[in-house]
Amino acid sequence: MPNKKKIYDKGAVLVGLCIFVIVITFPFWFNFGNAAPAPEPKISDKAKAAKECVMPKEYMKMEHMQLLNEWRDTVVRDAKRIFVSSSGKEFNMSLTNTCLDCHVEKAEFCDKCHNYASVTPYCWECHIDPKETK
Amino acid sequence: MNISYMYSLVAVIVLFLVAYVGVMLPGGEVFFGIIIPYLALVIFILGFINRIIDWARSPVPFRIPTTCGQEKSLPWIKPNSIDNPTTIGGVIIRMFLEIVFFRSLFRNTKMALKEGDKLSYEWEKWLWLFSLAFHWTFFVVLFRHLRFFSEPVPALVELVAKLDGFLQIGLPELRISGVVLLAALIFLFLRRIYIPQMRYISLASDYFPLFLIIGIAFTGILMRYFTKVDIVGVKEFTMSLATFKPHITEGIGSIFYVHLFFVSVLLAYFPFSKLMHLGGIFMSPTRNMVNNNRFKRHINPWNYPVKVHTYEAYEDEFREKMVEAGLRVDKPLAAKPPEEPEEKE
């Protein structure tokens with residue numbers, strides 16, 4: 001076929017392709033020159049002294065939200081407040097009294113990773129950190 | 001159970017195993033985490049552009065008025081300016097509604113024989129509904145993934161994620177889009193399996209993307225709700241890809257690499273497959289053209305100058321013989337030098 005080389009409606013096609021490339025490369029130009037290192041949650045002195053959380057660190061890192069959800073359901077629905085950890089220790093199932101007792105600063109601990117991973121748990125709609133000023 | 005479906009299923013299972021096992025080998029994480037994704041993205045972008053340019057080289061000579069509305073004609077006849085647009089604005093609205101709400105699929109009908117031999121055309125909206133559900137949720141899922149590729153995360157991404165999880169079921173919150181995506185994919189697959197005509201026309205290239213996207217959704221849901229993954233580690237890794245300082249974060253786990261490998265395969269496969277309808281829909285000649293045949297002349301772009309032999313030229317060439325044969329001519333023989341010598345003899 002003659003004119004195989006010609007691109008029809010060249011302007012519109014090129015504009016469309018430019019938009020495509022700009023949209024698809026969003027992560028590259030949006031973060032250009034931005035190192036964005038992974039956050040380091042601050043472990044408070046009290047937490048350091050305790051050495052161990054209610055469960056091993058790796059478990060807590062990945063599954064703390066599930067554990068807290070289970071705690072809430074157990075406390076609210078079954079009125080059971082005692083949690084026995086994998087190492088046999090007993091804990092009071094309470095976000096405010098147990099978790100935040102060690103991890104004193106929500107902004108320096110919880111929020112660090114939550115903000116980085118764009119997670120907005122609705123825990124904090126009830127469990128208000130009194131030290132936090134908005 | 002037919003061969004096209006089996007081939008695709010086996011292919012996706014093999015891809016799963018390749019990534020799952022491969023990542024455990026030395027250097028596997030670098031290969032599946034850094035080399036393959038970058039390569040796939042380059043193939044995707046270049047392949048996509050190449051395919052579009054290739055299509056743009058095909059001439060569309062005339063307006064194709066496959067419309068569903070009255071064309072603009074006499075002043076007292078009401079035209080349908082969206083379904084039969086005569087302006088660029090109308091075309092933009094028609095294209096927008098087509099791309100965003102799949103209007104032409106909404107007109108889908110089913111042909112069937114009823115009460116013996118009565119032919120009937122029935123309302124058929126399920127395909128439209130589920131493909132709309134699939135495309136939209138896939139887009140939402142993709143859009144939500146920008147939280148791994150941007151720092152700080154744009155507010156819009158956070159808003160979409162929040163709306164998506166507004167049921168507040170469990171922790172991590174159940175994302176509605178993930179569930180709908182998987183359900184819609186399964187519907188689209190079962191449709192090909194259970195409707196005999198669909199099964200007959202379905203090829204391996206129809207099943208493969210379905211299985212692949214099912215695999216992507218499945219591994220994603222698995223990581224979020226069941227096997228769990230170190231999400232901060234994942235973001236550290238994806239951000240390193242986005243800032244071109246790639247490095248592997250330890251201990252992310254094989255399922256993540258399977259997920260990433262599936263996505264890479266989808267990207268690399270995209271420009272060579274029917275999935276190119278993403279770009280192709282913008283080039284649908286029946287949707288993106290102003291229907292102005294009646295008042296604007298469109299010249300066939302591949303017309304070339306044709307050498308014509310007019311009747312005048314023909315008569316000039318054969319006038320003599322025509323007169324001789326007694327045929328009528330428009331112009332009589334003016335001077336008759338060749339005939340004169342004959343008369344003398």
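Let's start with the interface. Chain B and chain A bury about 3,800 Å² between them, and carbon and sulfur atoms give 69% of that area. Buried area here is the accessible area, with a 1.4 Å probe, that two parts lose on being put together, summed over both. On the chain B side, B:R57, B:L171 and B:K228 supply 18% of what chain B buries against chain A, more than any other three residues.

A word on the source. This is a predicted model: local features need pLDDT of at least 70, side-chain atom pairs count only at pLDDT 80 or more, and totals for chains, interfaces and linings use all residues. Residues are numbered from 1 along each chain as its sequence is written, chains are lettered from A in the order in which they are written, and side-chain values use heavy atoms, with hydrogens and water left out.

Now, who takes part? The contact (heavy atoms within 4.5 Å) takes 42 residues from chain B and 37 residues from chain A.

Next, the charges. The count between the two chains is one salt bridge, meaning a side-chain nitrogen of Lys or Arg within 4 Å of a carboxyl oxygen of Asp or Glu. The partners are A:K61 and B:D230, with their closest N and O atoms 3.3 Å apart.

Last, chain B itself. Chain B is divided into domain 1 (3-283) and domain 2 (311-340). Those bounds come from an automatic or database domain assignment. How far apart are the centres of domain 1 and domain 2 of chain B? Taken over C-alpha atoms, 73 Å separate them.
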